[in-house]
Amino acid sequence: MERKNSKEIIDIEKLPDHVVIEIFIRTGVSDWTQISCVKKQWASLFRTECFWQAALSHIYPFTNPSQTLPGPIPPGLAKRRFMALHISEQIFGCDPDIQVDEIVGHGYLFLKEQLQLSIMPPHSGILHGTMIADQFIGCGKSRDVAHELASRVWLAVLDNLEENHHTFCLLKRLAQEGDVFLPYPYTRSIKVQWRVFEKLFTDFRDCFNHEVDYYDMLACAKSRFQPIPSAWLGY
């Protein structure tokens with residue numbers, strides 16, 4: 001068996017890169033990280049524009065390679081576009097009423113990157129989702145659809161932020177700025193506001209420095225939601 005496996009590796013090494021790429025893109029996306037760790041040559045293939053162009057054409061054949069997106073969020077190169085489509089697919093899951101939309105993934109990537117910047121806090125245009133909603137509206141979405149898509153993006157991002165002090169401070173700021181009035185569809189949905197407080201009082205409960213901090217945030221939650229879950233209570 002070892003000799004057979006060794007022979008198979010030697011044989012695949014003789015294949016030209018474009019053939020190896022065609023083999024790799026037909027494996028599961030979840031396997032790509034492991035495959036790239038086998039050989040330096042294979043890892044380098046995953047960093048080429050050719051690989052991601054081939055992956056786009058094979059897995060998402062409906063995408064338009066010359067597509068441009070109006071608004072502040074650019075589409076990026078092939079890898080960025082593939083990531084956006086894959087993320088959009090994950091966000092919508094098996095929802096039959098919504099088609100996988102590249103711009104949703106771009107919104108997710110942009111928002112997550114901006115919120116995780118540790119050098120400077122994100123400005124209000126990002127925190128309140130005006131850039132995300134503007135992008136959706138610029139791509140032809142109605143105000144209602146833009147609001148719904150922005151809400152889904154926010155929920156997905158909040159669920160995937162790293163659990164660290166930076167995220168705790170970010171969630172506190174989001175909770176405290178929830179009362180800022182913005183015209184529809186730029187307001188964060190109730191679902192998003194709820195998720196912010198839910199994460200603060202469950203995942204980040206131990207990050208509060210003292211009881212005053214905790215009860216101030218709890219009072220903020222009570223002013224928006226009635227009743228609040230019992231899991232949020234008790235310092």
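Let's start with a word. Buried means under 20% relative accessible area, exposed means over 50%, and partly exposed lies in between, using a 1.4 Å probe and protein chains only.

Now the ground rules. This is a predicted model, where local features need pLDDT of at least 70, side-chain atom pairs count only at pLDDT 80 or more, and totals for chains, interfaces and linings use all residues. Residues are numbered from 1 along each chain as its sequence is written, and side-chain values use heavy atoms, with hydrogens and water left out.

First topic: salt bridges. The term means a side-chain nitrogen of Lys or Arg within 4 Å of a carboxyl oxygen of Asp or Glu. How many does the structure hold? It holds 9.

Take Asp213 and Lys172. Their closest N and O atoms are 3.3 Å apart. Helices here are DSSP runs of H or I, at least four residues, and strands are runs of E, at least two, numbered from the N terminus. Are these two residues buried or exposed? Both Asp213 and Lys172 are buried.

Next, Arg195. Its side chain meets that of Asp159 in a salt bridge, 2.6 Å from N to O. This pair also links distant parts of the chain: Arg195 is in helix 12, Asp159 is in helix 10, and 36 residues separate them. Arg195 has 21% relative accessibility, so it counts as partly exposed. Asp159, at 43%, counts as partly exposed too.

Arg195 has another partner, Glu198, at 3.5 Å from N to O. Glu198 and Arg195 both lie in helix 12, 3 residues apart, about one turn of the helix. Shared partners join Asp159, Arg195 and Glu198 into one network.

Now the nonpolar core. That is a set of buried Ala, Val, Leu, Ile, Met, Phe, Trp, Tyr and Cys residues joined through side-chain atoms within 4.5 Å. The largest one has 44 residues, and Phe197 is among those with the most contacts inside it. Helix 10 gives the largest share, 9 residues. A second, separate core has 18 residues, including Trp32 and Leu85.

Last stop: Pro227, in the segment after helix 13. The peptide bond from Gln226 to Pro227 is cis, with omega near -5°. In general, most peptide bonds are trans.
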